[in-house]
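Welcome! Here is a short briefing on one protein structure, arranged by topic. Take a look at the model first, and then follow the points below.

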Amino acid sequence: LLYGNTPVQNTIYEYLLSRNFPRLMILIRDELQHIDVVLGSASMFAGQKEIKKYSVNTMLFLQLLCEGHHPKLQKYLHTQVGKLFSINVVKYVTLTVIACLESHTQTDVDDIEVGCQGFRTLTEFCQGPCILNQRCLHASGIVPVAARIICTHQSTEMVSCAVQTLLSLAEGAAASFSVRTLFKTLEPHLKAFLNKLSETWINTI
């Protein structure tokens, strides 16, 4: 799947379509809900580091399913049409990323890795653009969280990943709903947001 292997992606998609019961989506949802609890916990406990690593691998797998703008898998992760029931994996990933970002520390390497991978996965869900997933991310509340990360975070990598996610939400000028909603949500943060973007841009030159 690395870098978007279309034949492998198509094989996985056809396999998923052949199953009436979306078992993989259920497993991913359950794991993401467990990760939410762990990442949202203020206390450290044995195994938390391993859970963070597992969350990175889970989100990387979902990113690679959509890598290269695979529209069928992008939509499948949102809605499994014709199945006994449907699991919105895009929403669950978004909520997991938010849970991580709301509780993480700016200096913890593992937390930064989880946050960066989360943003990369969300970006790949939306690029193309996939309007269905853009709307889902807006509804799940990722925009103000990403704006806060951009305005206040110390990690240039984290800021860059958050910017890419916001750009993916604005992708496709025809998707006027997404652009209007994005700017409306960013308005309270706009001055600090633009200042931080300028600072980030200068530091990369």
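Phe119 counts as buried, with a relative accessibility of 0%; buried means under 20% relative accessible area, exposed means over 50%, and partly exposed is in between (1.4 Å probe, protein chains only). This is a predicted model, in which local features need pLDDT of at least 70 and side-chain atom pairs count only at pLDDT 80 or more, while totals for chains, interfaces and linings use all residues. Residues are numbered from 1 along each chain as its sequence is written, and side-chain values use heavy atoms, with hydrogens and water left out.

- You can find Phe119 in helix H6; helices here are DSSP runs (H or I, at least four residues), strands are runs of E (at least two), and both are numbered from the N terminus.
- Leaving aside residues up to four places away in sequence, Phe119 touches Leu101, Ile142, Ala146, Ile149, Met158, Cys161, Ala162 and Thr165, where contact means heavy atoms within 4.5 Å.
- Phe119 and Leu166 are 47 residues apart in sequence, and their C-alpha atoms are 9.3 Å apart in space.
- The largest nonpolar core has 48 residues, and Leu77, Val93, Phe119 and Ile142 touch the most other members; such a core is a set of buried Ala, Val, Leu, Ile, Met, Phe, Trp, Tyr and Cys residues joined through side-chain atoms within 4.5 Å.
- H5 gives this core its largest share, eight residues.
- Ile142 has contacts with Thr94, Val97, Ile98, Phe119, Leu122, Leu137 and Leu169, again not counting residues up to four places away in sequence.

**Salt bridges**

- There are five salt bridges in the structure, each a side-chain nitrogen of Lys or Arg within 4 Å of a carboxyl oxygen of Asp or Glu.
- One of them joins the side chains of Lys52 and Asp111, at 2.6 Å from N to O.
- Lys52 belongs to helix H3 (residues 48–66) and Asp111 to helix H6 (residues 109–126), so this pair ties together parts that are 59 residues apart in sequence.
- Both Lys52 and Asp111 are buried.
- Another salt bridge pairs Arg120 with Glu157, whose closest N and O atoms are 2.6 Å apart.
- Because Arg120 lies in helix H6 and Glu157 in helix H9 (residues 156–170), the pair ties together parts that are 37 residues apart in sequence.
- Arg120 is partly exposed at 31% relative accessible area, and Glu157 is partly exposed at 43%.

**Aromatic pairs**

- How many aromatic pairs does a search of the whole structure find? The search finds two, counting rings of Phe, Tyr and Trp (its six-membered ring) whose centres lie within 6.5 Å; planes under 30 degrees apart are stacked, over 60 edge-to-face, and the rest tilted.
- Tyr13 and Tyr76 make an edge-to-face pair, 6.3 Å centre to centre with 90 degrees between the planes.
- This pair links distant parts of the chain, with Tyr13 in helix H1 (residues 6–17) and Tyr76 in helix H4, 63 residues apart.
- Tyr13 and Tyr76 are both buried.
- The ring centres of Phe21 and Phe85 are 5.4 Å apart and their planes are at 85 degrees, so this pair is edge-to-face.
- Phe21 is partly exposed at 34% relative accessibility, and Phe85 is partly exposed with a relative accessible area of 35%.

**Around helix H7**

- Asn133, Gln134, Cys136, Leu137, His138 and Ser140 are buried in helix H7 (residues 131–140).
- Gly141 follows H7 and has a positive phi, near 90 degrees.
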